[in-house]
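Please examine the structure displayed below.

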Amino acid sequence: MSGDLSPVDDPVAGPFFAGILEGRFTAQRCNSCEALRWPPLSGCPDCHSRSTTWVEVAPTGTIWSFVVYHRAFQASLKEEIPYTVAMVELDDGPYVVGRLVPGDKPPAVGDRVVAELGEFGGVPSVRWRTA
């Protein structure tokens, strides 16, 4: 990512990506109503408080939806076609999107997954692996 702005520098989502680099899976929690959310926001859509904290959440969930890409969303992904991106409902509530690591069988809505945190292609990211 030479010269590019790192997602860690993002004023709202940066703590999430910094946590990934530290091996922690986090979500933003409202300090007023304690709602967990991803993506993070500058204010709580439920109670309108602007006070938030980043808390660790379980890196497990269930595939809510997925799509198999047959065209690269980015040129850097061209060699990985086809690849799957899943929206996962975390056991703690929020939904998080990430690449699904190919498994022994095709993915299905309802499959249990575990997050793998790391720097993929130079970017801190979440990948999902079926449990």
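## The largest pocket

Strand β8 contributes the most to the lining of the largest pocket, with five residues. The model examined here is a predicted one. In this model the largest pocket has a volume of about 650 Å³. Its lining comprises 23 residues, and those closest to the pocket centre are Gln74, Leu77, Gly98, Arg99 and Ser125. The elements that supply two or more residues to this lining are α1 (14–21), β5 (83–90), β6 (95–100) and β8.

What classes of residue make up the lining of the largest pocket? There are 15 nonpolar, five polar and three charged residues.

## The second largest pocket

The second largest pocket has a volume of about 240 Å³. It is lined by 15 residues, of which Thr84, Leu100, Val101, Pro102 and Gly103 are the closest to its centre. Two or more lining residues come from each of β5, β6 and β8. Sorted by class, the lining of the second largest pocket holds eight nonpolar, three polar and four charged residues.

## The nonpolar core

The largest nonpolar core consists of 18 residues. Within this core, the residues with the most contacts are Phe16, Phe25, Leu90, Val126 and Trp128. The elements that provide two or more residues to the core are α1, β5, β6, β7 and β8.

Phe16 illustrates how parts of the chain that are separated in sequence can meet. When neighbours within four places in sequence are set aside, Phe16 is in contact with Phe25, Thr26, Trp38, Trp54 and Val126.

Ala86 is located in strand β5. Is this residue buried or exposed? Ala86 has a relative accessible area of 1%, and it therefore counts as buried, because the cut-off for a buried residue is under 20%.

Residues up to four places away in sequence are again left out of the list of contacts. On that basis, Ala86 touches Ile63, Ser65, Phe66, Val96, Val97, Gly98, Leu100 and Trp128. Ala86 can also be compared in position with Val113: the two are 27 residues apart in sequence, and their C-alpha atoms are 9.9 Å apart in space.

Strand β7 (residues 112–120) pairs with strand β4 (residues 60–69) through three bridges, in the antiparallel sense.

Together, β7 and β8 form a hairpin with two residues between them. Gly121, in the turn of the hairpin, has a positive phi of about 65°.

## The three-stranded sheet

An open sheet is formed by three strands in the order β2-β1-β3, with antiparallel pairing. Why is one side of β2 and of β3 left without a neighbour in the sheet? Strands β2 (36–37) and β3 (52–56) stand at the edges and have a single partner strand each, so one side of each remains without a neighbour.

The pairing of strand β1 (residues 26–30) with β2 is antiparallel and includes two bridges. Gln28 has Arg37 in β2 as its bridge partner.

## Backbone features in the loops

Pro82 belongs to the loop between β4 and β5.

Positive phi values occur at two residues other than glycine, Glu34 and His48. Glu34, in the loop between β1 and β2, has phi near 65°. His48, in the loop between β2 and β3, has phi near 70°. Are these residues buried or exposed? The relative accessible area is 56% for Glu34 and 65% for His48. Both Glu34 and His48 are therefore classed as exposed, because the cut-off for that class is over 50%.

Definitions and conventions: Residues are numbered from 1 along each chain as its sequence is written. This is a predicted model: local features need pLDDT of at least 70, side-chain atom pairs count only at pLDDT 80 or more; totals for chains, interfaces and linings use all residues. Side-chain values use heavy atoms; hydrogens and water are left out. Two strands pair if DSSP finds at least two bridges between them. Helices (H or I, at least four residues) and strands (E, at least two) are DSSP runs, numbered from the N terminus. On a 1 Å grid over the protein atoms alone, a cavity is a set of points where a 1.4 Å probe fits but cannot get out, and a pocket is an open set with protein on both sides within 12 Å along at least five of seven lines; lining residues have an atom within 4 Å of a point. Grid points are joined across faces, edges and corners, and a volume is the space filled by probe spheres set on the points. Ala, Val, Leu, Ile, Met, Phe, Trp, Tyr, Cys and Pro count as nonpolar, Asp, Glu, Lys and Arg as charged, and the others, Gly among them, as polar. A nonpolar core is a set of buried Ala, Val, Leu, Ile, Met, Phe, Trp, Tyr and Cys residues joined through side-chain atoms within 4.5 Å. Buried means under 20% relative accessible area, exposed over 50%, partly exposed in between (1.4 Å probe, protein chains only). Contact means heavy atoms within 4.5 Å.
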